[in-house]
Amino acid sequence: MDWVIKNIWQNEQLVNWLSAIGTIGAVWVSLWLAVRDERRKGKLEVNGIKRQVSVMHPTRNFIDPISVISCEIFNYSKFPITISTIKVNVYKRRWIKKKFISGGILLTDEDLGRFSKLPMIISPFEADTWMYSKYLFDNYTKTQIMPKIDKDKEKQILIEFRAVDSFGKFYKKKIKIRKNEIEKYLAD
């Protein structure tokens, strides 16, 4: 103990350095705590790609339900999030490598009315759902993606949905479609 007091506590330069490091650390932690609560936090869940999701038509009296892709966006922030765009990117994937095939922005589906309208404001600690016609998405896949992949060589395709907010931050969900599912995915 005498050695510690003699060599460390009586060494003014070492004590000043330790004090400076402690002060910088305290400032860093306080800034991190302050900024941490101000970040936009959210999550995107996509349904209707591998399993069918159907809704009854919201504005017309159709008997048959409509197959849709639903994008459910959860807001875990203390302030509202405004989703301005829903995008989709498709990649072909062999082993570890992935190669971009095609991408697009999903526009408002007039048949679904307000359920497909953007921008969408999501209140703090709530969720909202945006829908798009499965028929339109399947037509996009058949015309823009399927001709660009070799069904014999591809291990899987990767569909990445992105919900982009008004500040440019995106919330994404990846859906893998394996080689044996590619044909049956577009069977209907």
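Guide: A polar contact is a pair of N or O atoms within 3.5 Å; within protein, one must be able to donate a hydrogen and the other to accept it, and residues adjacent in sequence count only if both atoms are side-chain atoms. This is a predicted model, in which local features need pLDDT of at least 70 and side-chain atom pairs pLDDT 80 or more, while totals for chains, interfaces and linings use all residues. Residues are numbered from 1 along each chain as its sequence is written, and side-chain values use heavy atoms, leaving out hydrogens and water.

Visitor: Which side chain does Glu160 join through a polar contact?

Guide: The side chain of Arg162, at 2.8 Å. Glu160 belongs to strand β8 (residues 156-165); strands are DSSP runs of E, at least two residues, and helices runs of H or I, at least four, numbered from the N terminus.

Visitor: Is Glu160 buried or exposed?

Guide: Buried means under 20% relative accessible area, exposed over 50%, and partly exposed in between, with a 1.4 Å probe and protein chains only. Glu160 is buried, at 2%.

Visitor: Which residues of helix α3 are buried?

Guide: In α3 (residues 134-145), they are Lys134, Phe137, Asp138, Tyr140, Thr141 and Ile145. Seen down the helix axis, the buried residues fall within an arc of 155°, so they line one face of α3; the arc is that of the directions from the axis to the C-beta atoms. The face turned away from this buried side carries exposed Tyr135 and Thr143. Ser133 caps the N-terminal end of α3, with a side-chain oxygen 3.3 Å from the backbone nitrogen of Tyr135.
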